[in-house]
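User: Could you walk me through some side-chain contacts and charged pairs here? I'd like the cut-offs spelled out as we go.

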Amino acid sequence: MRKFLRAAALVASSMLGAAPALAAYPDHPITIVVPVAAGGTVDLLARIVAKGLEEKLGQPVIVENKAGASGAIGTRYVAKSKPDGYTLLAVANTFVSVPEFLPGAGYDALKDFAPITQTCSIPMVLVTPPGRPEHTVQAFIERARKRSGSATMGSSGLGSTGYIAAELFGAQAKVKFLHVYYKGNSQALLDVMSGRLDGMFDQVSTSGPNVKNHRLQALAVTTKTRSSMLPDVPTLNEAGLPGFEDETFNAILAPAGTPAPIVAKLHDAIAGTLNQPQVRERLAQQGIEAKASASPAAFRSYLQAYLEKYRRIAAGIHGK
């Protein structure tokens with residue numbers, strides 16, 4: 001009994017010591033690491049979140065870009081950081097897919113991180129060269145079937161969001177595509193515009209303006225509902241692929257072991273920022289839907305579902 005009382009006293013003492021520290025959080029600047037180059041959607045969302053956290057938590061929030069190795073360099077850096085809520089990670093889908101497609105990524109998407117919240121949802125859009133006679137998804141599929149194995153799809157590499165969407169599309173449409181990899185989507189889009197590529201899946205936030213300027217032809221978006229940026233473009237579900245759904249998401253995470261009260265405090269502050277009308281409107285103009293998870297636990301379940309989907313795709317590719 002005496003041993004039990006001593007142990008209970010130690011636990012109570014540690015909890016009392018932790019409480020003031022948690023109550024004081026944050027008491028110095030927070031850093032959000034973006035594991036890709038500045039200028040993209042992940043960077044944009046990280047800076048919106050940083051501004052909101054500064055306003056709501058009363059401390060400076062620094063955005064630091066640590067690009068390289070398909071995002072793995074910055075991701076590993078955060079995974080090894082102190083789990084105290086002062087180093088966070090801003091990511092997109094590739095955070096989950098990279099370890100499944102590229103051996104040696106050096107991190108586990110769920111074991112090494114404490115999920116905080118999703119920050120946005122962005123539809124992908126299937127784009128083809130302007131002037132092609134195939135103006136519908138079914139016509140595009142029929143043309144690709146006639147050239148099975150040689151019809152080309154561009155992307156920024158194995159496991160990228162565009163690659164994943166193309167694999168899901170090909171599997172449901174029963175078409176085998178020849179994947180052409182680029183260092184980034186920009187050059188791939190130029191090759192679609194020129195007709196050197198048959199098509200690719202890209203975020204509406206980057207392809208949308210080119211569709212409106214008639215430099216690309218948009219056949220369908222990948223989400224269940226149409227994009228506010230391209231309201232006349234059907235969903236793949238509407239275009240004859242029932243149940244098709246694939247979205248690009250952005251999110252914020254912390255190192256595994258970050259105290260739950262800190263994770264909850266960050267979640268609430270980020271959700272509050274994303275729900276501001278001016279933030280939602282600013283993102284909507286670029287085809288991006290601001291979207292916060294209901295809770296950190298809900299976001300963990302969301303990540304788990306994506307992880308399982310990517311594992312199935314990777315297993316199919318490797319013949320497992």
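Analyst: Contact here means heavy atoms within 4.5 Å. This is a predicted model, in which local features need pLDDT of at least 70 and side-chain atom pairs count only at pLDDT 80 or more, while totals for chains, interfaces and linings use all residues. Side-chain values use heavy atoms, without hydrogens and water, and residues are numbered from 1 along each chain as its sequence is written.

User: OK, which residues does Asp-191 touch, leaving out those up to four places away in sequence?

Analyst: Asp-191 touches Tyr-182, Arg-196 and Leu-197. Asp-191 sits in helix H7, residues 185-194 (helices, H or I, are DSSP runs of at least four residues and strands, E, of at least two, numbered from the N terminus).

User: Is Asp-191 buried or exposed?

Analyst: Buried, with a relative accessible area of 8%; buried means under 20%, exposed over 50% and partly exposed in between, using a 1.4 Å probe and protein chains only.

User: Switching topic, how many salt bridges are there?

Analyst: The whole structure has 14 salt bridges, each defined as a side-chain nitrogen of Lys or Arg within 4 Å of a carboxyl oxygen of Asp or Glu. One of them joins Glu-100 and Arg-311, with the closest N and O atoms 3.3 Å apart. That pair links distant parts of the chain, from helix H4 (residues 94-101) to helix H11 (residues 296-317), 211 residues apart.

User: And which residues form a network?

Analyst: Salt bridges link Arg-132, Glu-134, Arg-143, Arg-147 and Asp-198 in a network.
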